[in-house]
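Colleague: I am new to this structure and would like a close look at a single part of it. Could you take me carefully through the salt bridges?

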Amino acid sequence: MQRTALPIALALFLVLLTSLYWNPGGDPAADPAIAQRQMTLPRTYVEEVRSWQYAANGNLKEVLEADRAEYFTGKDASELTQPRFYSHDGNDRSWSASADEGTFRHRAGILQLRRQVRLVNDQTGGTLATQAMTLNTRKNTAISRVPVTVTQNESILRADGMTADLNSERIVMSPNVETTYVQARP
Amino acid sequence: LPEDRQEPIRITADKAVRDEKNGFTVYQGNVMMQQGTLRIDATKVTVFHSDKEADRIKAEGSPAHMREQPQADKGLMHARAEVIEYFKAEERVLLKRNASVEQDGSRVAGDSIEYFIGQQLIRADSSASDSGRVEVVIPASALPNSQQNGDQSTPSTPSDNSAEEEPGGTTDGQ
């Protein structure tokens, strides 16, 4: 019995010794290209994802969902496909934002939306459309440095940029503001 | 023109602050508002919009300037004041502080003037606290021929410092 145990123990020892020195992945630092490639790969990805956040008093504060979210360690950010964001100000008033693509920087709570961006005031139906917008989920503000269009019923308001405070529901649009208020048909 | 009321209202400005909760939008910086032949130039314009449409517009300037073609065969009407409020549903314009309305040489000035667009009627007031009075100027050319040639009777002075006039000349003193 002792004769057979010794070779097994020896074999195990050799395997352990080998794994210490032989690393199939190799030292990333040894090959920058590999390290670079690893950085560009998401660490994790999830599909049909939704996250809720509640205020200290237990009220629902915001919901963030996406068809797909890929998390990158290096940037501490998630790249989102079809992101949708719902902001609640605790008085049963809410805004919803959506876009084709987005990047969510977790630590800063910054959501950058790109392509077919929509920001809708769920109470008035006022809809802001643009191609790029940055949402600060901590302060509940939104900023856009590219042309924006606000529509409500048939009235249209255009400008070359805007900042919005979702809590006070105020949008400051400038420069080059143009508006058309269409008369409701009698 | 009467059909102006159905025209869309177009506004251009440097900046706009839209308050969705309280239903108004403030335009600032080189503000120009146009609705058909009606045009307002001001430094600040506030549009109060209920759900459906813009129903009240307040223009402020030093002064704010409104002009409109009341009828095809009449000259442009120019209205100036520090505050011009336009009540669309009532087709009424209220001018406040250093208000004046001019058309075809006639001029009405006072502290506040109400201009009823539909009836083409102007009502001017001066505040009792101030020594100012309503001033009405009607060029002779605007008077009907009988009054131009012979009857030079001075229109009766309105008792309460207000006068109503139809743009284009004749004053109905009270």
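Modeller: In chain B, the side chains of B:Asp41 and B:Arg39 meet in a salt bridge, with N to O at 2.8 Å, and this, like everything that follows, is read from a predicted model. B:Arg39 counts as partly exposed, because its relative accessibility is 28%, and buried would require a value under 20%. Another pair in chain B is formed by B:Arg18 and B:Glu20, whose closest N and O atoms lie 2.6 Å apart, and here both B:Arg18 and B:Glu20 are buried.

Turning to chain A, the side chains of A:Arg114 and A:Glu79 are joined by a salt bridge of 3.5 Å, N to O. This pair links distant parts of the chain, since A:Arg114 sits in strand S7 (residues 110–121) of chain A and A:Glu79 in strand S3 (residues 77–81) of chain A, 35 residues apart. A:Arg114 has a relative accessible area of 27% and is therefore partly exposed, while A:Glu79, with a relative accessible area of 21%, is partly exposed as well.

The two residues also belong to a network of salt bridges, in which A:Arg114 and A:Glu79 are linked with A:Lys75, A:Asp100, A:Glu101 and A:Arg115.

Terms used. Residues are numbered from 1 along each chain as its sequence is written. Chains are lettered from A and ligands numbered from 1 in the order in which they are written. This is a predicted model: local features need pLDDT of at least 70, side-chain atom pairs count only at pLDDT 80 or more; totals for chains, interfaces and linings use all residues. Side-chain values use heavy atoms; hydrogens and water are left out. A salt bridge is a side-chain nitrogen of Lys or Arg within 4 Å of a carboxyl oxygen of Asp or Glu. Helices (H or I, at least four residues) and strands (E, at least two) are DSSP runs, numbered from the N terminus. Buried means under 20% relative accessible area, exposed over 50%, partly exposed in between (1.4 Å probe, protein chains only).
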